[in-house]
Structure formats: C-alpha cells, structure tokens
Amino acid sequence: MELTLKQLTSVFEKFHIEEINPVGEKLDPHKHQAISMVESDQEANTVISVMQKGYALSGRVLRPAMVLVA
C-alpha cells in the first residue's frame, strides 16, 4: 500500500497536482465547500477540519475541499 501511495504522489508531483489542505484558513468558496458549521472558539468562517481533501492543477481547482467551519 505504501508503494502505491509513493507512485500516486510522484504522479501528482509530475503533473503539478497540489493537495488543498485549508485547516486554519478562512473559508474560500472557490477552493472549499462547507458541509457543516460547528461551534468553536476560533474566528467565524475559519476551517476547523477537512472531511475530504481537495486538489488543484496548476492553480485551478479540480475538486474543492469539503470542510467544517466555525
């Protein structure tokens, strides 16, 4: 399984596919899809956790990250 993950990571790097991991950032509707809001001590509209990773290809969003926001 680790070998498969290494191969996938190398293909992503080769074709400039980047992972979108927005924990702690402000919600950006172009990169993130808020699926739920939860109470938190953090500032409003801040990403608390990522439920599904997002991906971007050369700066263009392929799939937005599904996130929980404060």
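In what pattern do the helix and strands of the protein chain follow one another when read along the sequence? And which residues form the largest nonpolar core?

A: The model is predicted. Read along the sequence, its protein chain has the pattern α-β-β-β-β-β-β, with one helix and six strands in total. The C-alpha trace spans about 40 × 25 × 15 Å along its principal axes.

Turning to the core, the largest nonpolar one consists of six residues: Ile20, Val47, Ala56, Ala65, Val67 and Val69. Strand E6, which covers residues 65-69, supplies the largest share of this core, with three residues.

Beyond its neighbours within four places in sequence, Val67 is in contact with Pro22, Leu27, His32, Gln33, Ala34, Ile35, Ser36, Val47, Ser49, Val50 and Met51. One of these partners, Val47, is itself a member of the largest nonpolar core.

The chain as a whole gives the setting for this part. Among contacts with a separation of 6 or more, 55% link residues 24 or more positions apart. Buried residues account for 19% of the 70 residues in the protein chain. As for charge, the chain carries 7 positive and 9 negative charges, whose mean positions lie 11 Å apart.

Note on methods: Residues numbered from 1 in each chain as written. Predicted model: local features only at pLDDT ≥ 70, side-chain atom pairs only at ≥ 80, totals over all residues. Heavy atoms only, no water. Helix = DSSP H or I, 4+ residues; strand = E, 2+ residues; numbered from the N terminus. Buried < 20%, exposed > 50% of the residue type's maximum accessible area, 1.4 Å probe, protein only. Contact = heavy atoms within 4.5 Å. Lys, Arg positive; Asp, Glu negative; His and termini not counted. Charge placed at Lys NZ, Arg CZ, Asp CG, Glu CD. Core = buried A, V, L, I, M, F, W, Y, C linked by side-chain atoms within 4.5 Å.
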